[in-house]
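Here's a quick walk through one protein model, from overall confidence down to single residues. Have a look at it first, then read on.

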Amino acid sequence: MRELEKLLTNITEKNKEYCKEGKVASYIPALARQKFDMLGAVIVDLDNNIYSAGDVNEKFTLQSVSKIFTLMIAIMDNSVEEVFSKVGMEPTGDPFNSIVKLETMNPSKPLNPMINAGAIAISSMIKGKDNEERYNRVVDFIESVIGEPVTLNEAVYLSEKATGDRNRAAAYFMKDVGVIEEDVEEVLDLYFKHCSIEVDCIGLAKLGAILANQGICPTTGERVVPKEVTQLCKSFMITCGMYNSSGEFAIKVGIPAKSGVGGGIMAVVPNKYGIGVWGPALDAKGNSIAGIKVLEDLSKELDLSIF
Ligand SMILES: NC(=O)CC[C@H](N)C(=O)O
């Protein structure tokens, strides 16, 4: 077995026991049906070599990892200036779904595009003649990198749409203060949908690899996003990608990463690797409990911290 795959397998097997210490997300009822004791990890290097370990063929919803791709698209559709006239660039120290700082910010805007409120505002800036076209643009972007079709997890999408009242509250507030200019329910629908796109660990690692490769897709050799946009995304991943665990994660792992409550973490080692990890059992802050352990060990073993 190749050395890197052997290491990844050992690390994944060793950390699987941490799944027991976490819980699958249940505030989106359909996510509560996931099995908790699953763990997969994939590394893709810039020559498109794939190293896999554990449950790598299982599909899971992107959830908040999708916030990176919608941010990229919104910036490419508008401009950095326009996007950040509506959304801030600072970490919050609050949970991902918190709305507490929305009203107190002056001017009133969500603190960053990685928290739910910020990502909903970002969704409102994706261009398209209707929601179907906007959603398809997000899907096309992801498929062009992964190289195969992705599907919507309809049950998760409908479940969040039916229960996502805190996100709804944030969105209506943002409409009132002019951060969102579009129809609120349409914007939320797009947000719930892009959170419910399904990938596996291999797809997640390939998506990370475009960030590691400064915007060029290692599979096709094509530039999919400008270098500056990937730099901006990686900065957000380090400062806010793991929500109110971002500081600890930066210290212990030191790799830009974005988590989602589906259990996925997309990590990026600049100029080296895209990494996709999935373990649906989450810690109290909504990050994959065993997934973090895998990244911590990988970073130590391979000296991957960017700092
Ligand atoms: N942290 C997450 O993955 C949150 C995404 C989820 N769709 C929500 O809005 O709550």
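## Confidence and ground rules

pLDDT is the predictor's confidence in each residue, on a scale from 0 to 100. Here the protein averages a pLDDT of 96, and 100% of its residues reach 70 or more. The model also scores ipTM 0.97 and pTM 0.97.

This is a predicted model, so local features need pLDDT of at least 70 and side-chain atom pairs count only at pLDDT 80 or more, while totals for chains, interfaces and linings use all residues. Residues are numbered from 1 along each chain as its sequence is written.

## Two domains

The protein splits into domain 1 (3–62 + 199–300) and domain 2 (64–195); the bounds come from an automatic or database domain assignment. Taken over C-alpha atoms, the two domain centres sit 21 Å apart. The contact between them takes 33 residues from domain 1 and 30 residues from domain 2, where two residues are in contact if their C-beta atoms, placed from the backbone, lie within 7 Å.

Which elements build the domain 1 side of that contact? Helix H9 (201–212), helix H10 (227–240), strand E6 (257–259) and strand E7 (264–269) each supply at least two residues. Helices (H or I, at least four residues) and strands (E, at least two) are DSSP runs, numbered from the N terminus. The residues on this side divide into 19 nonpolar, 11 polar and 3 charged. For that tally, Ala, Val, Leu, Ile, Met, Phe, Trp, Tyr, Cys and Pro count as nonpolar, Asp, Glu, Lys and Arg as charged, and the others, Gly among them, as polar.

## Helix H1 and its cover

Helix H1 (residues 3–15) has 13 residues and reaches 18 Å from its first C-alpha to its last, close to the 18 Å expected at 1.5 Å a residue. The expected span is 1.5 Å times one less than the number of residues. In H1, Leu8, Ile11, Thr12 and Asn15 are buried. Looking down the axis of H1, those buried residues fall within an arc of 100°, so they line one face of the helix; the arc is that of the directions from the helix axis to the C-beta atoms. Glu3, Lys6 and Glu13 are exposed on the other side of H1. The cut-offs: a residue is buried if 20 or more other C-beta atoms lie within 10 Å of its own, exposed if 12 or fewer, and partly exposed in between, with C-beta atoms placed from the backbone.

So what covers the buried residues of H1? The cover includes strand E1 (40–45), strand E2 (50–54) and helix H12 (289–302). Val294 lies in helix H12, and with 29 C-beta neighbours inside 10 Å, Val294 counts as buried. Beyond its neighbours within four places in sequence, Val294 is in contact with Ile11, Thr12, Asn15, Ala41 and Val277.

## Helix H5

The 16 residues of helix H5 (residues 131–146) should span 22 Å at 1.5 Å a residue, and its end C-alpha atoms are 23 Å apart, which agrees. Arg134, Val138, Ile142 and Val145 are buried in H5. Down the axis of H5, its buried residues fall within an arc of 70°, so they line one face of the helix. On the other side of H5, Glu132, Glu133 and Asp140 are exposed.

The buried residues of H5 pack against H2, helix H8 (184–195), strand E5 (197–199) and H9. Gly147 follows H5 and has a positive phi, near 85°.

Ala121 belongs to helix H4 (residues 116–123) and is buried, with 27 other C-beta atoms within 10 Å. Leaving aside neighbours within four places in sequence, Ala121 is in contact with Lys86, Val87, Pro110, Met174, Val179 and Ile180.

Most residues other than glycine have a negative phi, and most peptide bonds are trans. Gln63 is not a glycine, yet has a positive phi of about 50°; Gln63 is placed in the loop between strand E3 (60–61) and helix H2 (66–77). Tyr243 has a positive phi near 55° and lies in the loop between H10 and helix H11 (246–252). Buried or exposed? Gln63 is buried, with 25 other C-beta atoms within 10 Å, and Tyr243 is buried, with 24. As for peptide bonds, a cis one joins Asn106 and Pro107, with omega about 0°. Pro107 is found in the loop between helix H3 (80–86) and H4.
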